[in-house]
Every structure is written in C-alpha cells, then in structure tokens.
Amino acid sequence: MSEPSDQRKLKKLIHFAAAAAVYIVFIVFVVIRVSSNNFSLSRIFDYRQLLLQGLLNTLIISAYSLLFGLVLGFILYLARESKIYFFRSMSNIFIEVMMGTPLLVLVFITSYFIGKAFEFQNDYVLGIIAITAYIGPYMANMFKGSIDSIDTQQFIVMDLYGFSRYQRYRFIILPQILRLMLPQLMNNFSYAIKGSALLYVTAVTEVFYAVKLIQSKTFAFTEGYLILWVAYLCITLPLTLLTKYIERRYS
Amino acid sequence: MKLVLDNIVKEYDNRVLDHLTVDLDDYQSIAVIGPSGCGKSTLLRLIAGIERPQSGLIRVGRWSLVPEQIAAYQKTIGLVFQTHNLFPHLSLKRNITLILEKTRGMDKQTASDKADELLKLLQLEPEKDKKPAHVSGGQAQRASIARALSTDPELMLLDEPTASLDPNLTHEVLMAVKKLRSLGKDFIFVTHEIAFVKSFADYILFLDQGKIIEQGSVSILDHPQTEKLNSFLKNVYYD
C-alpha cells in the first residue's frame with residue numbers, strides 16, 4: 001500500500017531538513033571552536049565592494065574559460081578524429097599531458113614561464129588560458145562521448161545524401177548532442193569556477209584572492225572563509241539545480 | 001534495370017557472400033530472400049555502395065560501383081533501412097526538406113511543396129510536423145520511404161523495411177510500397193514477407209549461406225526446385 005503523495009513529500013522534506021541540520025550543526029561547532037569571541041560578519045561586509053568585484057571576476061574568468069574551453073575541446077576532438085596522424089598526435093599528446101597535470105602547476109607554468117617567454121604579463125588573461133587548457137581535454141571527451149552516442153546509421157544516411165562536413169555538424173550532429181552535453185557542460189563550468197580559485201597564486205583578483213585581501217586587513221579569518229565558501233555555493237548550487245531541471249525537462 | 005554481380009566475395013570474420021554471380025536485365029522489381037544470416041542485407045549494402053566487396057564487380061544500371069563513381073551513383077538511389085533512421089531531432093517534414101535544401105540545392109518553397117506532396121502520397125499529412133519519436137513505427141517507416149523518394153531516385157533499395165514492425169504496421173507499410181509501383185521506379189528489396197514478394201517482385205534471388213541457391217520469376221515460390229528453398233518457404237509460412 002502506498003502513502004498519499006502529500007504525505008510522502010512531507011516525509012521527504014523532513015528527512016532532507018534533518019540531514020541538512022546535521023551538517024549545519026557540524027559547521028557551527030567548528031566555527032565556534034576556532035573563532036575568537038568577536039565573531040562578526042560585519043567586518044567582512046565593510047569590504048563588500050571588493051568581495052563583489054572578486055565574485056564578478058570569478059564569474060567572468062570562468063565564463064571565458066568555459067567558452068574557450070568549449071572551442072578548444074571541439075578542435076581537440078576534430079584533430080583526434082582526423083585522418084592525418086600528425087593532428088591526431090598533437091591532440092592526443094595535449095590531452096594526455098593536460099589530464100595528468102594539476103591545475104595549480106598549470107597556472108604557475110603559464111604565468112611564470114610561458115607568459116614570460118612571450119613577454120606577456122597579464123595574469124588575468126594567462127589565468128584564463130591555463131583554465132582553458134585544463135578543461136579543454138574534458139570538453140573533447142564530452143564531444144566524443146555524445147557524438148559516439150549518435151546511431152551509426154545516421155552517418156550512413158549523411159554519406160548517402162552527400163552532406164558536407166560542415167552541414168553534418170551544423171544540422172545533424174550538434175543539434176542532437178547539445179542536450180546530451182548540457183549536464184557535462186554545467187559540470188565543466190563548475191570545474192572552471194572552482195579551479196579559478198587557484199589563480200590567487202598569481203594575484204588575480206578573483207573572489208578567493210579578494211577574501212584573502214580582506215582577511216589580511218580585518219583579521220576576520222573564520223568569517224572570511226565562511227563567506228567565501230557560501231559565495232562559491234551560491235554560484236555552483238543554482239548551476240546544479242538548473243542542470244537537473246533541464247535534464248528532467250528534456251528527458 | 002541492369003544488375004550485374006560478378007564473382008562477389010564479402011568477408012567479415014567469416015565469408016558472408018561467396019562468389020555471387022548474377023546477370024539480370026530489364027527487371028523492375030527484384031526481391032532478395034533467404035534465411036537470417038544468409039547475406040541478403042550485406043548484398044543490399046554492397047549494391048547501395050555503403051560497403052565494398054573484397055573482390056568482384058557490381059554494376060547497377062549505367063553505373064559500375066567503383067570508388068570514383070559511387071558518390072554520383074548514390075545520388076540516384078533511395079535507401080530504406082530495417083529501422084526508420086530518420087534524424088530524431090527533426091520533424092518528419094524537416095527530415096525531407098533539410099536534405100532537399102542542403103544537398104540538392106532546392107529553394108525552401110520547392111522543397112516544402114515536394115515534401116508535402118510525398119507525405120500526402122504516404123498518408124502522413126497529419127503527422128508531418130511531429131518528430132519520429134512521436135509517431136508509430138509504421139508512420140516513421142513510411143516517412144523514411146517518403147524521404148528516400150524525395151530525391152527522385154531511379155532505384156529504390158529496401159532492406160527489410162518491415163523487420164521491426166508488428167503485423168498490422170507491416171501491412172500498412174507494404175501497402176504504401178505497393179502504391180509506389182506506379183511511380184515507374186526500379187526496386188531491389190530484401191524481405192521475409194513472401195506474400196508481398198509474390199505480388200510485388202518480378203524476379204527473385206534466393207540466398208543461403210552466401211550463395212544463390214535458386215533464382216527466377218515468382219513461380220519458383222510455388223514450385224521450388226531445391227530442398228533448401230522448399231524448407232525455407234515452409235518455415236516462413238509457419239513463423
């Protein structure tokens with residue numbers, strides 16, 4: 001016998017609230033244990049201008065990285081599928097090396113060596129390049145995974161009617177895979193946002209660096225990290241919810 | 001239509017077509033029948049130029065299926081598969097107009113008129129704006145026949161077009177194919193529907209284990225000369 005759906009919903013809600021409460025209690029416990037008596041978020045809010053600027057920069061850096069990563073990923077995908085072994089090798093080497101490199105190392109290399117070699121010192125742009133290079137291979141895999149999921153007989157049909165390469169991607173392949181790729185794309189956006197925190201090592205004023213700066217002025221360390229954490233969740237959680245909503249809507 | 005198969009050998013892991021040789025002229029509707037795995041679908045794919053034989057030569061009409069001619073030849077054929085193979089993200093009508101506009105250089109209006117005409121012929125007018133997933137299997141298969149016809153092919157190749165359909169839908173699709181005889185096109189088709197073969201084909205190739213066992217007019221179905229065709233016919237009737 002199944003319960004009425006209202007009752008079931010209520011039960012789920014209570015369970016969810018209880019689970020959330022467990023985490024909140026844990027966080028509050030830690031905060032109380034480590035913070036001095038003068039816990040006060042207002043000290044951070046005095047610098048909200050800087051905080052918002054940092055948040056905005058994080059979003060801009062992540063958005064550019066996502067966009068360029070998408071382009072790079074598609075190029076890597078096409079190169080990997082190329083008939084010419086040189087292109088396949090270019091793509092494969094890049095993908096394997098990048099996937100084996102921590103983003104932090106990549107940020108250092110891009111900023112301190114590659115930027116220097118080309119006499120280009122804009123750490124903001126170099127940071128975007130580093131994140132782009134880092135998520136490009138994941139994007140390439142995303143393209144491969146979704147394009148491979150298209151029935152091979154559709155490719156036979158495209159061959160038979162003589163679709164050009166551009167027409168295949170523009171009219172048949174991309175429209176079909178966009179929906180498939182969306183969850184993965186949102187995931188990668190989330191990687192880019194979280195990854196951008198590492199740019200603080202080259203003093204790019206994204207949100208992490210902004211908070212470090214505020215902390216050094218106010219000594220409000222606990223409050224700073226707490227707000228930083230919430231700020232990241234404010235960006236990533238809605239993204240997750242949006243992805244889930246879109247997936248449900250189109251499934 | 002002229003159909004010449006000269007010593008065709010096709011192998012994957014094992015030999016699927018074993019030195020097939022056929023020389024036919026002036027038949028309008030050739031049926032290829034045989035038990036599952038006899039190589040009949042492979043033969044159709046070779047005739048469509050989708051795959052190449054390991055050895056041997058194929059000639060269809062005025063074409064020799066050599067690499068230099070295949071692309072031009074394929075523009076003159078229409079192919080219908082076992083499953084409908086429509087592009088799933090496009091409506092039935094757009095499945096037709098996209099091909100006409102992009103690969104045949106037709107303008108929008110002409111392509112739209114042509115698609116409407118064919119969808120009407122196959123009684124799909126009410127469904128034309130639906131996507132393949134939202135119509136029945138029979139309707140989707142008829143739409144793919146409409147799509148195959150849209151480029152005005154000289155030759156239609158049908159590879160078990162009703163294999164994935166239940167008996168009602170099978171009947172529906174076969175009736176639609178019968179109507180096409182009046183269009184004056186040539187047909188080569190693979191099927192298990194013997195009753196349909198009898199009423200539609202004017203030449204039959206019976207394959208078993210990659211070889212042609214019997215061939216001839218429809219009368220070979222009533223008077224099989226070989227034990228293999230005899231037992232095949234018994235089996236399909238009692239399927």
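**Close-up views of a predicted two-chain model**

**Figure 1. The interface between chain B and chain A.** Chain B and chain A together bury about 1600 Å², of which 68% lies on carbon and sulfur atoms; buried area is the accessible area (1.4 Å probe) that two parts lose on being put together, summed over both. Within chain B, the residues that lose the most area to chain A are F87(B), H89(B) and K102(B), which together make up 31% of what that side buries. The contact (heavy atoms within 4.5 Å) draws 19 residues from chain B and 16 residues from chain A. This is a predicted model in which local features need pLDDT of at least 70 and side-chain atom pairs count only at pLDDT 80 or more, whereas totals for chains, interfaces and linings use all residues. Residues are numbered from 1 along each chain as its sequence is written, chains are lettered from A in the order in which they are written, and side-chain values use heavy atoms, with hydrogens and water left out.

**Figure 2. Polar contacts and secondary structure at the interface.** Between chain B and chain A there are 5 residue pairs in polar contact, both residues being at pLDDT 80 or more. A polar contact is a pair of N or O atoms within 3.5 Å; within protein, one must be able to donate a hydrogen and the other to accept it, and residues adjacent in sequence count only if both atoms are side-chain atoms. At least two residues of the side of chain B that touches chain A come from each of β6 (77-80), α3 (92-103) and α5 (137-150) of chain B. With 4 residues, α3(B) gives the most to this side. Helices (H or I, at least four residues) and strands (E, at least two) are DSSP runs, numbered from the N terminus.

Figure 3. R168(A) belongs to helix α8 (residues 165-195) of chain A. Its relative accessible area is 17%, so R168(A) is buried; buried means under 20%, exposed over 50% and partly exposed in between (1.4 Å probe, protein chains only). Beyond neighbours within four places in sequence, R168(A) is in contact with F155(A), M158(A), D159(A), F163(A) and I173(A).

**Figure 4. The loop position of K130(B).** K130(B) is placed in the loop between α4 (108-121) and α5 of chain B. This lysine is partly exposed because its relative accessible area is 35%. Residues up to four places away in sequence aside, K130(B) touches S91(B), L92(B) and V135(B). The C-alpha atoms of K130(B) and G78(B) are separated by 22 Å, the two residues being 52 residues apart along the chain.
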